[in-house]
Amino acid sequence: MRVVLVWLAALSIPTMVMMAPLEATAHPRMSATSGAPCTTCHYNSDGGGMRTEIGWDIQKHTGLIEHDRTRISLLDNRTTNRVVDWMAVGADVRAMRVRATDGPPPTVGDDGDLVLNLPSQRIFPMQAQPYVWIDPIDQISLYGSYAISDQLFDGELCAVTYSGQACGQAYMKASFSPRLPSLQAGVFRPSTGIRHDDHTMVTYLQDPSFGLSTVQPPNYAEFGVQASYQPRYWIKVEAGGYRSDQLASAIDDNLMGTTVVEGSDPAYLGRVTYYPRFDFGPERSFFGWVGASVYGAGDYRNDQGFVGMGWLDRGAVMMEVSHLDFGSDAQRRTINASTTGAVQVSEWFVPHVRVEQSIARGDNSDEDRRRAATAGFQFYPVPFVKIQPEYRLVQYHNPGDERAGWSMGQYYVQLHLFY
Amino acid sequence: MSSDSEAMSRRSAIKAIAVLSVCPLIQSCEFVNHDGLESELEATGFSLDDPDFEDLTSVGGTACFALGAVEVLLVRTSEQEVLAFNRICPHNSLSMGPCDSGAQAAQWDEQEEMLVCQWHQSGFDRNGEVVQQPTVGSVDEPLQVYPVEFDAETGEGIVFLPE
């Protein structure tokens, strides 16, 4: 059984990389290197997804070939993605060149050795997700997004590949005064930890040996209400209550040996973030965030701690630790940790590296471990277009897997068009 | 000023091209390390008297079976027959075995005579050929099938790996 899980893990890495529809990937280093909260550039309170007027305008001027040299006259007089005063629209479209899902299964060579076969590289559509933001009155806003399936013409309307993914988001946000908490209600992602929207990361893994076992995949969203209060620029407190349908769907009861979350269990969130900043003179400003969140439902609870520190327009280092406890019946815990470093060589060229580890512990686990190291860069050739190649090494330490050194290495590249 | 900025852009472009040109080189670094996962190839028998295989006593029953490192799914397709498939569905490389944690057991459709993977409903005939496409994406690769000798009277069988 362990060997099959090794195969699964080895071969599911490209699978999961490729097939994840994403709510526009959040880049937390952007907040750390600018000293601005995510909401400066994104409508979502924890980043990702549709951009605000500021975010849109910044991206209009981000690219190796800047907008005024692209000769795209369509955007010349445009300073925002609002189509009318009270409504803005946007969209993300993504494709990826990666190992295909329908790769050959493991085979046995003539010499009797097991042969693990990498699927061939191919270009794969990942996401087509339109957004809309409406301001019916100053104090209330409505947001909606929808992940359109690439099987749309085969009758599949929504891009849901993995358990826990929602078709999109639809919520109302009310903010009556800066001195009062803002409220968010509807279907959205609870603000747990740092938002990455990258489910190749180990942050929410429930089993290190099983690559597809992410508790909160990209586009994870629940129906609920969340309050956010930031009385001073340096402190933010969030609390929320939600349904747990997607969480119940994502947590693998077979793996746990018991039902961990019933869809009817209420989910809860608490999150505190401290935003320190240090100014040592011109171009020597440092920003950061230090925070913790707790999120759970039923027997599941995820305690997360996160730290980020950025140097204005230079780079950032971010660390996050998650402790996923699946309850006394499941007798299983998973501890996931990641550290990411990014250097802003230019606004249009940002290399990054990331190291990660996931460890499963408890009576109902085999002390499985996974380590990964990823290096790549974000390259913006022209505004609103990003190319992101990455190379990833993965190492498994599982009972039954005696492989020494790295278990696999893989290269892939993502093309992201957004507006 | 203008020429400076143009020179800067030119230098930037050259840098970007240099960086991107490294990408194809990195592809040659792709690998899957299978050292230590080698299997010992030998045909291994099974018996319906064994509790691990008792589900095969009825038609449609399935059981897991390992030959060295190769994981096999056994399916009782008729009174007289047991088939052996690779347990990894070639659609998404997910396990179809009833014995693996996190897996969804494949089911044998007697009427259509096909094995249906419960992850995305991919269907394979007795030779492993794809006869039903999955509900998500598509699958072209056949499912690997292993020869089986099965004696319904004694309930004993042997599975062979292909040469």
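**Sheet in chain B**

I started with strand 8 (residues 123-124) and strand 9 of chain B, which pair in the antiparallel sense over two bridges. Strands count as paired if DSSP finds at least two bridges between them. Helices (H or I, at least four residues) and strands (E, at least two) are DSSP runs, numbered from the N terminus. I looked up the bridge partner of B:Gly123 in strand 9 of chain B and found B:Gln132.

Four strands of chain B form an open sheet in the order 6-7-8-9, with antiparallel pairing. Strand 6 (107-109) and strand 9 (130-132) of chain B are the edge strands, each pairing on one side only.

**Ground rules**

This is a predicted model: local features need pLDDT of at least 70, side-chain atom pairs count only at pLDDT 80 or more, and totals for chains, interfaces and linings use all residues. Residues are numbered from 1 along each chain as its sequence is written, chains are lettered from A and ligands numbered from 1 in the order in which they are written, and side-chain values use heavy atoms, with hydrogens and water left out.

**Cysteines**

I searched for disulfides (a pair of cysteine sulfur atoms within 2.5 Å). The structure holds one over all chains. The disulfide joins A:Cys158 to A:Cys167, with S to S at 2.0 Å. Its link is left-handed, with -120° about the S-S bond.

I checked burial next (buried is under 20% relative accessible area, exposed over 50%, partly exposed in between; 1.4 Å probe, protein chains only). A:Cys158 is buried at 12%. A:Cys167 is partly exposed at 29%.

A:Cys38 is in no disulfide, and the nearest cysteine sulfur, that of A:Cys41, is 8.8 Å away. A:Cys38 is partly exposed at 27% relative accessibility. B:Cys117 is in no disulfide either; the nearest cysteine sulfur, that of B:Cys89, is 3.9 Å away. B:Cys117 is buried, with a relative accessible area of 1%.

**Rings**

I counted ring pairs of Phe, Tyr and Trp (its six-membered ring), with centres within 6.5 Å; planes under 30 degrees apart are stacked, over 60 edge-to-face, the rest tilted. The count is 21 aromatic pairs over all chains.

The rings of A:Trp348 and A:Phe379 have centres 5.9 Å apart and planes at 70°, so this pair is edge-to-face. A:Trp348 lies in the loop between strand 16 (333-343) and strand 17 (349-361) of chain A, and A:Phe379 in strand 18 (residues 369-379) of chain A, so the pair ties together parts 31 residues apart in sequence. A:Trp348 and A:Phe379 are buried.

B:Phe46 and B:Phe150 are stacked, because their planes are at 5° and their centres 6.2 Å apart. B:Phe46 is in strand 2 (residues 44-47) and B:Phe150 in strand 11 (residues 148-151) of chain B, 104 residues apart. Both B:Phe46 and B:Phe150 are buried.

**Cores**

I looked for nonpolar cores (buried Ala, Val, Leu, Ile, Met, Phe, Trp, Tyr and Cys residues joined through side-chain atoms within 4.5 Å). The largest has 27 residues; A:Leu247, A:Ile251, A:Tyr300 and A:Phe326 touch the most other members. Elements giving two or more residues to this core include helix 5 (245-250) and strand 13 (285-297) of chain A. Apart from this core lies another, of 14 residues, and B:Phe46 is one of them.
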